[in-house]
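Please look at the model shown here.

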Amino acid sequence: MNESQKKWIPIFLIVLGICFVVIGVWQQETADVFRKAVNICMECIGLG
Amino acid sequence: MFSVRRSIFAWSVSVLVKKMKRHLRLMVQVCFTALTNGYAAGFAKGTIYKGSTKMYCVPGLNCYSCPGALGSCPIGSFQAVVTSRDHIFSFYVVGFLLLFGAILGRFVCGWLCPFGLVQDLLHKIPFSKKWKKLPGDRVLRWLKYVVLMGFVVILPLVVVDIVGQGQPWFCKYICPSGTLFGGIPLIVSNPLLRSALSWLFAWKMLILVALVLLSVVVYRPFCRYLCPLGAVYSVFNPIALYRYRVNEAACTQCKTCQTACPMDIPVYQTPNSAECIRCGKCKAACPHQAIVSTLEKSKTPCQEKCGGMSLKK
């Protein structure tokens with residue numbers, strides 16, 4: 001793979017990342033994250 | 001008289017700039033940690049922030065149960081989504097990691113991770129013999145990928161209860177960041193949580209204490225051997241927009257970069273190693289300024305003489 005081809009890989013991944021984030025928001029995954037993050041996560045802090 | 005004053009002023013400014021440059025990474029780490037963990041009331045009240053910013057991920061390992069946290073840890077968020085009954089994959093978190101990974105790679109580990117900052121500070125504690133790496137380093141480095149696949153992806157998806165809900169295995173059994181930034185402050189300030197202590201907290205404290213002690217002797221043991229977020233970003237290091245390049249014409253292979261590298265990477269051979277956290281010590285140490293990032297242009301005479309560089313990318 002030459003350098004000019006290699007330059008496009010991060011660009012492609014950034015575009016893919018943006019698409020994934022949009023799909024995730026559309027699927028309301030942010031609601032799952034929010035629900036978990038605004039309550040004290042007992043497992044995370046080691047309380048079971 | 002006026003010119004003497006002016007030259008003293010110019011000298012003090014240049015000293016200040018040099019000092020700031022030397023501590024730039026530490027300043028960025030402290031500022032970013034303070035910015036993303038700015039809910040001071042949480043520490044006083046023994047609660048956590050419940051505002052809308054909690055739906056957004058932060059790039060580093062930053063437990064959302066830290067009383068000060070204003071955002072969410074991507075590893076915790078991924079497990080939260082895949083262990084819910086509605087999803088088996090998180091486009092949101094994977095997309096976020098693709099974005100940050102493709103732009104910065106493990107620059108996030110070196111500059112933006114709060115637990116990385118803690119390990120950096122611990123390693124500044126003087127100790128009679130500092131180790132460059134642990135015995136079995138080559139094999140141990142693979143452990144973080146095992147943790148990523150096993151504790152973050154497979155176990156939360158496969159081991160489910162009667163209603164199909166899994167557990168955040170990494171957060172529950174391994175994450176020292178959650179214990180340090182979430183568990184300890186909450187338990188200190190919240191008597192109700194203190195009464196809920198069990199063997200699990202003892203286990204997580206054991207992991208935390210072991211890593212704290214190890215961090216004094218070895219540079220960033222958690223990032224090297226256990227961190228699943230570091231494992232994700234490490235994959236992007238060779239292809240991220242922010243990379244290092246070695247000017248082969250200027251490099252004499254003196255290994256000064258490897259000696260300066262706290263992760264013991266032979267930068268002159270592998271400038272974009274999966275272990276590189278982009279701390280920049282190799283760049284600063286290189287006597288020939290042969291290491292440059294993709295944001296910089298090489299200052300070596302070769303560029304002027306040859307009109308270009310033979311670069312290891």
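Across the interface of chain B and chain A, the rule finds zero salt bridges. This holds for a predicted model. Polar contacts are found there, however: eleven residue pairs, both residues at pLDDT 80 or more, are in polar contact between chain B and chain A.

The elements of chain B that give two or more residues to the side touching chain A are α4 (74–82), α5 (91–104), α10 (169–173), α11 (176–189) and α13. Of the contributions to this side, that of α5(B) is the most, with ten residues. Sorted by class, the side of chain B that touches chain A has 31 nonpolar, 15 polar and six charged residues.

The size of an interface is often given as the accessible area lost when the parts come together. Between chain B and chain A the buried area is about 3500 Å², and carbon and sulfur atoms give 75% of it. B:Phe91, B:Tyr92 and B:Ile239 supply 18% of the area that chain B buries against chain A, more than any other three residues. In terms of contacts, 52 residues of chain B meet 35 residues of chain A.

The aromatic residues come next. Over all chains, the structure holds 13 aromatic pairs. A:Phe20 and B:Phe91 form one that is edge-to-face, with 5.0 Å centre to centre and 75° between the planes. This pair crosses between chains, from helix α1 (residues 3–26) of chain A, where A:Phe20 lies, to helix α5 of chain B, which holds B:Phe91. A:Phe20 counts as buried because its relative accessibility is 17%, whereas B:Phe91, at 22%, counts as partly exposed.

B:Trp142 and B:Tyr145 form a tilted pair, 5.5 Å centre to centre and with 50° between the planes. With a relative accessible area of 58%, B:Trp142 is exposed; B:Tyr145 is partly exposed, at 21%. One aromatic cluster is made up of B:Phe107, B:Trp111, B:Tyr242 and B:Tyr244.

Helix α13 of chain B remains. B:Ser215 lies in this helix, which spans residues 199–217, and counts as buried because its relative accessibility is 1%. Leaving out residues up to four places away in sequence, B:Ser215 touches B:Gln119, B:Leu122, B:His123 and B:Pro221.

B:Ile207 also lies in helix α13 of chain B. B:Ile207 is buried, with a relative accessible area of 14%. Not counting residues up to four places away in sequence, B:Ile207 touches B:Tyr173 and B:Ile174. The C-alpha atoms of B:Ile207 and B:Gln29 are separated by 24 Å, the two residues being 178 residues apart along the chain.

Methods
Residues are numbered from 1 along each chain as its sequence is written. Chains are lettered from A and ligands numbered from 1 in the order in which they are written. This is a predicted model: local features need pLDDT of at least 70, side-chain atom pairs count only at pLDDT 80 or more; totals for chains, interfaces and linings use all residues. Side-chain values use heavy atoms; hydrogens and water are left out. Helices (H or I, at least four residues) and strands (E, at least two) are DSSP runs, numbered from the N terminus. Buried means under 20% relative accessible area, exposed over 50%, partly exposed in between (1.4 Å probe, protein chains only). Contact means heavy atoms within 4.5 Å. Buried area is the accessible area (1.4 Å probe) that two parts lose on being put together, summed over both. A salt bridge is a side-chain nitrogen of Lys or Arg within 4 Å of a carboxyl oxygen of Asp or Glu. A polar contact is a pair of N or O atoms within 3.5 Å; within protein, one must be able to donate a hydrogen and the other to accept it, and residues adjacent in sequence count only if both atoms are side-chain atoms. Ala, Val, Leu, Ile, Met, Phe, Trp, Tyr, Cys and Pro count as nonpolar, Asp, Glu, Lys and Arg as charged, and the others, Gly among them, as polar. Rings of Phe, Tyr and Trp (its six-membered ring) pair if their centres lie within 6.5 Å; planes under 30 degrees apart count as stacked, over 60 as edge-to-face and the rest as tilted.
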